[in-house]
Amino acid sequence: MPRQIDLKKKLDQLRAFHRSERRAPSYSEMAELFGYSSKAAVYAPVRKLIDLGYLKRSAGGRIAFTQKATGKIAILGTVQAGFQSPAEEELLDTISLDEFLVRRPESTFLLTVSGDSMIDAGIHPGDLVLVEKNGAPKNQDIIIAQVDGEWTMKYFFRDKSGVYLDPANPAYSRIRPRGSMVVGGIVRAVIRKYQ
Amino acid sequence: MSKAAPLMLSSFPRAIVHVDGDAFFTSVEQAIHPHLRGKPVVTGKERGIIACASYEAKARGIRRGVSLWDARRLCPELIVLPSDYETYSIFSSRMFEIMRRYTPEVEEYSIDEGFADLTGMRQVFRKGYREIAADMQAAICRELELTVSIGLSLTKSLAKIGSDFRKPNGITAVPGNKLHQFLPNIPLSNVWGLGPNRVQLLKKYGVMTAWDYVCRDPKWITKLLHKPGLEIWNELRGTALLPINTAPWRPVASISKTKTFTAPSSDCHFIYAKLMRNLESACIKLRRHGLRAWEISVSLRLKDYTESGLTARLDRGVTLPQEVAHVVRELFDQLHAAGAEYRATGVILARLEDDRSRQYELFDDHARTQQARRLGEIIQIINGYYGKHRIFLGTGLYLNRARKNDRDEPCWRKNTLLKGETRRKRLKIPLRNIKI
């Protein structure tokens, strides 16, 4: 079967590169971008994208983006100088994504998730969790804990007979710590970045 | 004055704490990598010399400054890590942030130690100074998972002695009415500001402890050690002379950038490239603090650790590497011995002044200066976006000529990049190495 090339994906990857670097990638950078081990493999999708008018070959043989790929830059027109614009004033009460996700910057850590025991809570392997080290966990909080020497991420519950941890995946079972349990922090947010 | 007589009757007319991180760099590593807890860990792999040793490593006789080769012989299972100053700095600023919950007057003295003035805070927290200090210590330990030692007393000098008195994870409170019991236990070498030379000098006069020191006539102290000696005398007697400096740290005297190569080299292009990279780094720091420099020093360290240096005064204050590149070339050519093996280069910018006010020299080429500044600003903007040293002086192309060896291994965080991070720019939140 001939190799299928997902041109849409390639184009998205090239656009992302352009957004962050403001230039076209070299052949070897494209190979890395597409996950190819050889530069020669890049040639086929590049030729297709040139045919479709997304890329062009510049004077020195280097690949350049066309406007079709990068989009046009809109020009807003003349902006009045002088008084502070009302828009700026309205923005004083907005918060950044940082402030939105991190309540206590001095006690928040990042962890990369590797297991799938919280998958039904929407936390997948590869996700990042923001963990706050301050404060005591309440029922139903998702926490990071070290139980009998092993680190785990689970729902936290407390009942009459003590503390227990529940997974969000039927393949795993409830943990009642017999020996020691150290709370490593409370999960405050999950981040999944696609590219 | 007899030993039994107290210096004062009140306990805490002022309450200054000194917070000192216990084996800070390795403690941060153990907080990030919990599996390293309880194991002998050292940092400084990239330099070949130990920068910090964990308490487990110290127990095996491994100290800061020992070569890695000697350390591995003392302890074959030693875990040697490359330094990760970025993460240490994040933990450092978090430590000061936690201290500021207890008082606004906090001085960031160095990456792993700080002072705080708690005077008057008893009313706010409805507990004693010692209890407030203990709360501070517990919060740092709980939220950063590392221990600090705290000294609480009347002055910065006394607090600093206190934090060193019980380590690790200790608290030592020395109220004014207990000074006469505490100071006789303190050897002079533990007193802040008394270096080995002064200690030896004082020994000749029979001054062995901090108590001996404060019992001497201040006139005698002044005659022997001048004003700084008298300042220490007052500080040790509980009279605070050194202020808590809450301003963010700013270099006043000089900015220095010295980098040791991972392996000694005799390639003069490579050595010069390293030197110019130090110049660029120093200038970046210079501009970040809004300063300009009127003096530049260049130093080269040979393989056998002998060092030679040269200093040049400049005819105007500079902020950009391009402005002094030719001076550095000249100094380098005078210092460098062909064929010799070098292990480090350094650049020191001195005679610093504020760069906000700008005076033009009569004979300055005004247009060219303006052009160079504009270029510098643009490079700064580009590097600010893409990461440090993305645009660099052409000499930097020789940097890749060095042989790679195992000391070049980047730290874990630089090898564990999240989507969207680069080798130059990462999130300002520590990533913990825990498998969940």
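B:Tyr129 touches several residues from elsewhere in its own chain: setting aside neighbours within four places in sequence, its contacts are B:Phe12, B:Ala15, B:Leu118, B:Arg122 and B:Leu152. Keep in mind that this is a predicted model.

**Around B:Tyr129**

- B:Tyr129 belongs to helix α6 of chain B, which covers residues 129-144.
- Is B:Tyr129 buried or exposed? B:Tyr129 counts as buried because 22 other C-beta atoms lie within 10 Å, and the cut-off for buried is 20 or more.

**Strand β3 of chain A and its two partners**

- Within chain A, β3 (residues 108-112) lines up antiparallel with β4 (residues 128-132), and 5 bridges hold the pairing.
- In that pairing, A:Leu110 faces A:Leu130 of β4(A).
- β3(A) also pairs with a strand from chain B: β13 (residues 431-432) runs parallel to β3(A), with 2 bridges between them.
- Which residues of β13(B) do the pairing? A:Leu110 is opposite B:Leu431, while A:Leu111 has B:Arg432 as its bridge partner.
- So far as A:Leu110 goes, then, there is a leucine across from it in β4(A) and another in β13(B).

**Where chain B touches chain A**

- How many residues does each chain bring to the contact? Chain A brings 19 residues and chain B brings 16 residues.
- On the chain B side, α4 (85-99), α6 and β13 each give at least two residues.
- α4(B) has the largest share of that side, with 3 residues.
- Sorted by class, the chain B side holds 8 nonpolar, 7 charged and 1 polar residues.

**Helices α7 and α11 of chain B**

- For two packed helices, the description rests on the angle between the axes and the distance between the axes.
- The axes of α7(B) (residues 156-165) and α11(B) (residues 218-236) come within 7 Å, crossing at roughly 70°.
- That makes α7(B) and α11(B) roughly perpendicular to each other, because the angle falls in the range of 65 to 115 degrees.
- α7(B) puts B:Lys156, B:Ser157 and B:Leu158 into the contact, and α11(B) answers with B:Ile232, B:Glu235 and B:Leu236.
- By class, the residues of this helix contact come out as 3 nonpolar, 2 charged and 1 polar.

Notes. Residues are numbered from 1 along each chain as its sequence is written. Chains are lettered from A and ligands numbered from 1 in the order in which they are written. This is a predicted model: local features need pLDDT of at least 70, side-chain atom pairs count only at pLDDT 80 or more; totals for chains, interfaces and linings use all residues. Two strands pair if DSSP finds at least two bridges between them. Helices (H or I, at least four residues) and strands (E, at least two) are DSSP runs, numbered from the N terminus. A residue is buried if 20 or more other C-beta atoms lie within 10 Å of its own, exposed if 12 or fewer, and partly exposed in between; C-beta atoms are placed from the backbone. Two residues are in contact if their C-beta atoms, placed from the backbone, lie within 7 Å. Ala, Val, Leu, Ile, Met, Phe, Trp, Tyr, Cys and Pro count as nonpolar, Asp, Glu, Lys and Arg as charged, and the others, Gly among them, as polar. Axes are lines fitted to C-alpha atoms, for helices over the stretch in contact, and angles run from 0 to 180 degrees between N-to-C directions. Angles under 35 degrees count as roughly parallel, over 145 as roughly antiparallel, 65 to 115 as roughly perpendicular and the rest as oblique.
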